[in-house]
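Please study the sequence and the model shown below.

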Amino acid sequence: MPAVPRTEKPIFRIDLRPPRSLSRRAARNIVVILACVTTSIGLIFWAVGAWPVIGFLGIDVILLALAFHFSFRAARAEERIELRRGNLRVIRISARGTRQEFDFQPYWLQVVLERGEDDQCELYLRSHGKRFEIAGFLGAKEKTDLAGKLDRLLRQARCHPDLQPAGLS
């Protein structure tokens, strides 16, 4: 298969990121509010002579701040799927910034959505007896939508190998 130049505009491209329902600012506000509440409770304990309780109250705030820190660090992970003439590339960028690229020949590629129990599902690209999981951090509905879109695009790419880029999604 001839190499597809990276400068060629993709037929399709989608950037996937883990969903986050809380912004950094909101997380910071929650930690500050909890710190204020625990500080006022700690001052009451200090006033009655139970000053060692203050340290235990502070541990809760520190643990919550650490949990938010690690959650937001994990949210830096990204997965990019690009379909070009003769090539489907999956680019994974880990939370630490490590980049991996995986190339697939679209003609033989199948999109497989495996449904499990409790409305869970896994999305795979399968080719030549091997499978490659994609979009692991998305929910069931998002995976179903992505599977349908990728399947349609791969069929079009097989039928029309000279397909031109049609806007990015």
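Predicted model: local features only at pLDDT ≥ 70, side-chain atom pairs only at ≥ 80, totals over all residues.

Residues are numbered from 1 along each chain as its sequence is written, and side-chain values use heavy atoms, with hydrogens and water left out.

Helices (H or I, at least four residues) and strands (E, at least two) are DSSP runs, numbered from the N terminus. Helix α1 covers residues 24-47; at 1.5 Å a residue, its 24 residues should span 34 Å, and its end C-alpha atoms are 34 Å apart, which agrees. The expected span is 1.5 Å times one less than the number of residues. Ala27, Val31, Thr38 and Gly42 of α1 are buried, where buried means under 20% relative accessible area, exposed over 50%, and partly exposed in between (1.4 Å probe, protein chains only). These buried residues pack against α2 (53-74), contact being heavy atoms within 4.5 Å. Just after α1, Gly49 takes a positive phi of about 95°.

Helix α2 contains Ile59, which is partly exposed at a relative accessible area of 42%.

In helix α3 (residues 140-159), the buried residues include Ala140, Leu146, Leu150 and Ala157. Seen down the axis of α3, its buried residues fall within an arc of 155°, so they line one face of the helix; the arc is that of the directions from the helix axis to the C-beta atoms. The face turned away from the buried side of α3 carries the exposed residues Lys141, Arg152, Arg155 and Cys159.
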